[in-house]
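Here are some notes on the aromatic side chains in this model. They are set out as numbered points.

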Amino acid sequence: MAVKNYFDRRALRLYVVAVQGKLARMLHVEKQWLRNAPLPKSFSNYFGRKLFLFGLTVHGLGAFALIALGVILRKWNVARNTIRPLIYRETARAGIKLLPMFAFVALALGFLTIGQVMAALTNYGAAGAIQYLGNIMVIVIVRELGPLLAAVLVLARVGTANVIELGNARALGDVEALEAMGVDPVHYLVAPRVIGMTFGVFALTVYLILGTLVSGYLFAFLQEVPLTPSQYFLQLADSLTTMDFAVVAFKSLVFGFFIAIVTCYHGLAQPLRLEEVSRVAVRAVTQGIIVCVVIDALFILLYIVT
Amino acid sequence: MSENQNEIVIEMRDVGVSTMRDLSEIVLEKINWSVARNEFWVVAGQQHSGKSDFLMMTAGLMPPVQGVYKFFGNETHIFDEARLADRLRMGFVFDMAQLFNDMTIAENVALPLQYHRNLPTTEAVKQIQELLEITELKPIADVTPANLPRSWHKRAGLARALTLQPEILLLDNPFGGLDARHSHFWVRFLDELWRGHKLLGARPLTIIATTDDLRPWRNDSRRFALLKDGEFVSLGSWREVSAAQEPVVKELLSAPIEFA
């Protein structure tokens, strides 16, 4: 077999296509070629290739998200008797089945947050500042940590399983089997996961926040902090705004949607061999976390602007 | 829908076939072939000769890289959403059956019916009881594929491909890995399907099968083709196959190695 020439006409086509800005025409095979190309001679080459790959991934994820959304909306009433049970199964998997773990995390998170806050306040001699406990909990748990942690935990528990299941399905030819039966693989494999994870992350975020607020007060009570439940509740109510409810709901739904998109994209969107599945799973989890953090940063901008 | 016996259902002109994994890697070129309704074609070739890719392209699972492919007279690139009706005129049996391991055999077989007719699982399973009976899958209907040998997987794959009563049946190496008992069932059952089985309303089926062993297929009523060195060679009837001087054909007809 002839040695592969990385600077052949295929490569020329690749660069021409890129320059013309028609990335959509690129095949994944070519993307794979780019990923496996020999080590570059210069840092700029390396950096350029990474940047190019990043652009390709964003493009691929964006396209996949739009396709998935289009299929969900367009086929909402197609094969309901087949798809609905799958949606319930995925919602349970990314939701109710994770409740025990989330209860534990909520308990620990409440203890940790209140413990750290109380220790800091006592060190600075600001014992009177307990009137801000509720406010601190809203800023730390409701606005930031709750949605982000819920998303990362679902990504770790369910997202990883998603990539492996779908990667195996792709590698073993199950996707072709669905297509041969006239079953849309995006409708059958992706739509239930996207819907399940979107609502699963939303519900678990609510439970995590509620659990953490309760366990936080429990720890404060055990520490004999002079704060009654009604005072704590009032502090929380004063700190929360309508915007908080809207942002938390929207943010958790967006987190769930994009975790599902990233994991399904990596499992399904390109031809895979079985041995590539584990590598793809690692990439999907990393990108899932990055996507969550980027989305979180965008929501902070929303707070700053308003 | 025309039921003309001489109707050309599949026509290929200078078609090129790539692999599923890499669309730029061409494995077969310049295929000129036509299949009339109710023909039984056996496409033979050694391993890695491109049989599966050829069948995948024929099934519209990937586009031809060159040439023109017509399905029931309509030029076809790939069976997308708009061609769903055409797609369902074809049943596909995979070499490894590709059953879903989280479903029972009955649920696997019923899946196309359940999806396309929007039926609950129990109702769809109820409607395929006759099919399960005929394919002898009833005793294992509630077993998941992971607990069954490959022969039964293939049998379930065949039943699943017949669920929507297709007009054309594509089979990828159906006898691969089967024991004698299963092989006899397949030979008999495919022949019945081709002639017109009551399961399909006695309507004769057009069958295209690939194989790496020609011996079980010997029959004068079948037509044969050969894939070798990236080419598609139409051989004709069994008489012409047995008279062929092709070394590859002789190899595909030779007896298995016998150990002392």
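1. Arg89(B) is placed over the face of Phe72(B), 3.5 Å from the ring centre. The model is a predicted one, and the distances and angles below should be read as computed from it.

2. Where do the two partners lie in chain B? Phe40(B) belongs to strand 3 (residues 40-45), while Trp217(B) is in the loop between strand 8 (206-211) and strand 9 (223-228). The pair therefore ties together parts that are 177 residues apart in sequence.

3. Chain B also holds a cluster linked by ring pairs, made up of Trp33(B), Trp41(B), Phe54(B) and Phe232(B).

4. Over all chains, a search of the whole structure gives 18 aromatic pairs. One of them is the edge-to-face pair of Phe257(A) and Phe258(A), with 5.3 Å from centre to centre and 90° between the planes.

5. Are Phe257(A) and Phe258(A) buried or partly exposed? Phe257(A) has a relative accessibility of 14% and so counts as buried, the limit being under 20%. Phe258(A), with a relative accessible area of 30%, is partly exposed.

How values were computed. Residues are numbered from 1 along each chain as its sequence is written. Chains are lettered from A and ligands numbered from 1 in the order in which they are written. This is a predicted model: local features need pLDDT of at least 70, side-chain atom pairs count only at pLDDT 80 or more; totals for chains, interfaces and linings use all residues. Side-chain values use heavy atoms; hydrogens and water are left out. Rings of Phe, Tyr and Trp (its six-membered ring) pair if their centres lie within 6.5 Å; planes under 30 degrees apart count as stacked, over 60 as edge-to-face and the rest as tilted. Buried means under 20% relative accessible area, exposed over 50%, partly exposed in between (1.4 Å probe, protein chains only). Helices (H or I, at least four residues) and strands (E, at least two) are DSSP runs, numbered from the N terminus. A charge sits over a ring if NZ of Lys or CZ of Arg is within 6 Å of the ring centre and within 35 degrees of the ring normal.
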